[in-house]
Amino acid sequence: MEAKRLLLLLLLCLYVVSSLVIASPQTCPADLSTKCADSGEWEGEFFPGIPTVKYEGPTSKNPLSFKWYNAQEEILGKKMKDWMRFSVAFWHTFRGSGADPFGSATKNWPWEDGTNSLAMAKRRMRANFEFIKKLGVDLWCFHDRDIAPDAETLEETNKNLDEVVALAKKLQGTKIHPLWGTAQLFLHPRYMHGAATSSEVGVYAYAAAQVKKAMEATHYLGGENYVFWGGREGYQTLLNTDMERELDHMARFLEAAVAYKKKIGFNGTLLIEPKPQEPTKHQYDWDAATSANFLRKYGLIDEFKLNIECNHATLSGHSCHHELETARISGLLGNIDANTGDPQVGWDTDQFLTDISEATMVMLSVVRNGGLAPGGFNFDAKLRRESTDVEDLFIAHISGMDTLARGLRNVAKLIEDGSLTDLVRKRYQSFDTEIGTKIEAGKADFEMLEKKAMEWGEPRVPSAKQELAEMIFQSAL
């Protein structure tokens, strides 16, 4: 009898222990081959074996460490993290498939199940926040349709977005929030003629409803900005286009966005992202100057700033530095989409910026602007088609962050040295005279200037010292 009692007691203990084990939460890699990936609510580890990325300095050989970006280090009176305000782009990082115009997807992340279901959207969102935390940044950006799937009706689609946004709010905690949000107004066939510039009033209304909802989501998540990228706001041919009417419609659309922003108490900055073409042949916000002119014409100049993307700058025939300076001197530099293109490829390749020279020129504009807050640097950049390992997502972001950090350090060197600043000052020193001051104050008329020209005779034109300027710049790299 005693033996039977001991056996029953042992079986009871085993039952209790097994029940506790089964009830405990699963913790294993987000691999669909494992049991714990069966549920859309699973919360396992998506990046096992990848630790939180730390600063190890320029001599480190560890690819999963920062060599130049030291978040807490102070440079030019600010911590590096406050100069940079780095952000992860959800669409490229978690929806980028590696597909291009000539080939299908090459990336098959272990957590993906091949669907665009609501459960899969929630799993991606969990992966997003694990990635953000391990990378050590506080900001992220999203398109509405990238984080939550379309449904049969607008009401059902909004419900999907509400569910995913509620999860994002929970996962964000108190330290993470969106740098900006936006509505995807270019992928769905309804937007083939544009959204705010569509020839169909029903599409215009649908786009307005979508922006309304996306702005609400951005506000709810604590977003600091809201972006308008008009990928299909343009034309393929003017033969069938009333350009004046379309531009007027776009202005009315943006006016309504401003009004709704104020109505819901969203204090974030509204941003327009210029791009010359692709997918349309001509996009209405071609570059920074065109966008600024549009805003001035329609009385919106005080309501918007610009989100400058470096790859878009080169597509418009400008350098990124040119576009940043154009926006800055107009008081419109609000945010930077940090990427670059390939000079041998004629489309928007959205590569991570790794050119130290370009990064230094970018940071020259940022420092002159006093920083970007409440904007920042969003990595609107994607892995190359041939990069298919999960760790490549980290390596790419680390490389981009380190490149811009080196750019900031180089700008600090240039400012400390002072030679480049002095060269520019000396080039314009003739305007520091009495007559130059009058010209800049708008107090020199043509009669006065003609008298001076007669008095001075043929002007002496000194060297611009371009090669010296380039030498000084290169010496800081």
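Q: Which way do the side chains of strand β10 (residues 269-272) point, and are they buried or exposed?
A: T269 and L271 point one way and L270 and I272 the other, and all are buried. Buried is under 20% relative accessible area, exposed is over 50%, and partly exposed lies in between, with a 1.4 Å probe and protein chains only. In a regular strand the side chains alternate between the two faces of the sheet. The model is predicted: local features need pLDDT of at least 70, side-chain atom pairs count only at pLDDT 80 or more, and totals for chains, interfaces and linings use all residues. Residues are numbered from 1 along each chain as its sequence is written, and side-chain values use heavy atoms, with hydrogens and water left out.

Q: What makes β8 and β10 a pair?
A: Two strands pair if DSSP finds at least two bridges between them. Four bridges join β8 (residues 225-228) to β10, and the two run parallel. T269 of β10 is the bridge partner of N225.

Q: Which strands make up the closed barrel?
A: The barrel has eight strands, in the order β5-β6-β7-β8-β10-β12-β13-β14, with parallel pairing.

Q: How do you know that helix α8 (residues 243-263) has close to its expected span?
A: The expected span is 1.5 Å times one less than the number of residues. α8 has 21 residues and reaches 30 Å from its first C-alpha to its last, close to the 30 Å expected.

Q: What covers the buried residues of α8?
A: The buried residues include L247, M250 and L254. Their cover, by contact (heavy atoms within 4.5 Å), includes α7, β8, β10 and β12. G265, with a positive phi near 75°, follows α8.

Q: Why is helix α13 (residues 390-417) called largely enclosed?
A: 20 of its 28 residues are buried, so the rest of the structure largely encloses α13. Its end C-alpha atoms are 42 Å apart, which agrees with the 40 Å that α13 should span.
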